Amino acid sequence: MKLKRRMWSAGVLLAAAIAVAGCSGSENGRPNIILIIADDLGYGDTGPYGQAKTETPNIDRLAAEGLRFTHHYAGSPVCAPSRCVLLTGMHTGHSQVRGNDEWPERGDVWSYRAMIADSSLEGQRPLSDSTITIASILREQGYITGAVGKWGLGAPHTGGSPLRQGFDFFYGYNCQRLAHTYYPTHLWRNNRRVWLHNDTLAPHTGFDPGADPLNSDSYDKFNLTDYSPDLMFEEIIGFIDSCGEKPFFLYWATPIPHLALQAPAEWVDMYHEKFGEEKPYTGNEGYFPVRYPRATYAAMISYLDNQVGRLMTHLKEKGLYENTVIFFTSDNGPAWSAGTDPEWFGSANPFRGSEGFGKGSLNEGGIRVPLIVSWPGVTEPGSVSDHVSAFQDFMPTLCEITGATIPEVTDGLSFLPALRGGKQKQHEHLYWEFPEYGGQQAVITGRFKALRKGMHGGNMVFELYDLENDPHEMTDISAGHPEIMSIVREIIRNEHQTSANSKWRFPSTGE
């Protein structure tokens, strides 16, 4: 193994040995749990959901061996609040984190060099250290808990860091801003930095003066040595292999395919040959320039797909696959800028994924996401469920799977019966609020969805859509359904609590 591909540290092995004798999942018959959350992967970006341009044979296989949900919703249309909902079981009307708060009063948090010099400038505003998370509950149940990938829920040295939120092990990006490059100067292992063999190239850096966008050499400086998803996958395998007999919970929060567009050359070359020549993305919207943006976006997803396949193979070789439940989902809908092309790929199909309808929007393209669950002997191979579920449901579902007591205060509803093919209790409604991108609220009740945007600009009028007959949310039918609008207003009165963070309030409602 090359030096740059760091081996599982002795410190981690020691900590695992002290905590348990291992993680095969055989103890008390409880399954291992792997929760894979992609970053900005659209509903239609993989084969099981109709993707035709990007190849995802391993995710296809995961769906063929398990259960595919058609009506699953993210916790929010952007990263941090969606992950908060997933890990805490509280929707954004109640959750601690409701937007991407970079905690700027600390100092120059957007300066890459300043963050390198002072780790206290990294990370986002933290969860409180008394938060009940999926990880903290499963650890109490005897699970070894590991998080690998992008965190975004609490800066280093705060109560919101992963090891203060129920995880025994963490490796990856603590800070979302640093995750805007796949070649960072460092990642975190638990509570310390691990320095990589990458030059200091700040996210959002552009071309050198006089660079030719059509010359591939102009892009060399954006592709460095240590590709973070490579390193993180090695840590995943190391975490699994460091265990023995007790069950494990792995939260794999891959940064793929979030911007910037960066992928190993062999994967880009494969899609460049498949797609042909294309117009470069020159960096005019921020993020690094990319010679072949469509090929690179597809390459990133196929690279992730390959890692999913390698994980499945490794579990089978270790005799763990039959006693492991794997969840595969995404934190929100597809990005629509800086070289991504959601309309060309059909990334949000059958919904709209363009600007104003994909990431950052409470439209279906921004919050309807894939969910595939494979649990040998439980999920019926190749099955499909139209059960309406959301990120807050992971908390009670994993509690039921592991025999843990579901917290008294939760907005979630276990979908374990759906995994077993049994009778499933339904949500009476789902609620979202999003104080960014102009201020938004949404309610789903039955087949109807109420949505209002531009609240910070004074808009207080809801539009209403019939999702069964109008999945593109094109025709507002609110005028013809005053009874539904009355129900919607009552739901909001019951589900919205004023945030403790003034940045996540709605002044237009009197907050």
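Predicted model: local features only at pLDDT ≥ 70, side-chain atom pairs only at ≥ 80, totals over all residues.
Tutor: Of the 24 residues along its lining, Tyr219, Asn223, Ala263, Ala265 and Val268 are the closest to the centre.

Student: Which helix gives the most to the lining of the largest pocket, and how does that lining divide by class?

Tutor: Helix 7, which spans residues 265–275, gives the most, with four residues, and the lining as a whole has 13 nonpolar, six polar and five charged residues.

Student: What lies nearest the centre of the second largest pocket?

Tutor: Asn100, His258, Tyr287, Lys359 and Tyr437 lie nearest that centre, out of 19 lining residues. The second largest pocket has a volume of about 400 Å³, and its lining is made up of eight nonpolar, five polar and six charged residues.

Student: What makes a space a cavity and not a pocket?

Tutor: A space is called a cavity because a 1.4 Å probe fits there but cannot get out, whereas a pocket is an open set of points. The search of the whole structure finds three cavities of 30 Å³ or more, and the largest cavity has a volume of about 50 Å³.

Student: Which residues line the largest cavity, and how many of them are charged?

Tutor: The lining consists of Pro156, His157, Ser161, Pro162, Phe170, Asn174, Trp188, Asn190 and Asn191; by class, four are nonpolar, five are polar and none is charged. One of these lining residues, Asn190, also has a positive phi, near 55°, although it is a residue other than glycine, and Asn190 sits in the loop between strand 5 (186–189) and strand 6 (192–195).

Student: Where is Tyr287 placed, and what is the value of its phi?

Tutor: Tyr287 belongs to the loop between helix 7 and helix 8, and its phi is positive, at about 65°, although Tyr287 is not a glycine.

Student: Why is helix 2 called oblique to helix 8?

Tutor: Helix 2 (residues 57–64) and helix 8 (residues 293–317) pack with their axes 7 Å apart and at an angle of about 50°. Angles under 35 degrees would count as roughly parallel and those from 65 to 115 as roughly perpendicular, so helix 2 is oblique to helix 8. From helix 2, Pro57, Asn58, Ile59, Arg61 and Leu62 make the contact, and from helix 8, Asp305, Asn306, Gly309, Met312 and Lys316; by class, these are four nonpolar, three polar and three charged residues.

Student: What makes helix 7 oblique to helix 8?

Tutor: Their axes come within 8 Å and cross at roughly 130°. Roughly perpendicular runs from 65 to 115 degrees and roughly antiparallel begins over 145, so helix 7 is likewise oblique to helix 8. The crossing of helix 7 and helix 8 is right-handed.

Student: Which residues meet where helix 7 and helix 8 are in contact?

Tutor: Trp267, Val268, Met270, Tyr271, His272 and Phe275 of helix 7 meet Arg294, Ala295, Thr296, Ala298, Ala299, Ser302, Tyr303 and Asn306 of helix 8, and this contact divides into nine nonpolar, four polar and one charged.

Student: How do you know that the peptide bond between Ile256 and Pro257 is cis?

Tutor: Its omega is about 0°, and the bond is listed as cis; Pro257 is in the loop between strand 7 (248–253) and helix 7. The peptide bond from Asn349 to Pro350 is cis with omega near 10°, and Pro350 is found in the loop between helix 9 (342–345) and helix 10 (364–367).

Key. Residues numbered from 1 in each chain as written. Heavy atoms only, no water. 1 Å grid on protein atoms, 1.4 Å probe; cavity = no way out; pocket = protein on both sides within 12 Å on 5 of 7 lines; lining within 4 Å. Helix = DSSP H or I, 4+ residues; strand = E, 2+ residues; numbered from the N terminus. Nonpolar A, V, L, I, M, F, W, Y, C, P; charged D, E, K, R; others polar. Points joined across faces, edges and corners; volume = space filled by probe spheres on them. Axes fitted to C-alpha atoms, helices over the stretch in contact; angles between N-to-C directions. Contact = heavy atoms within 4.5 Å. Left-handed = near helix turned anticlockwise from the far one by under 90°.
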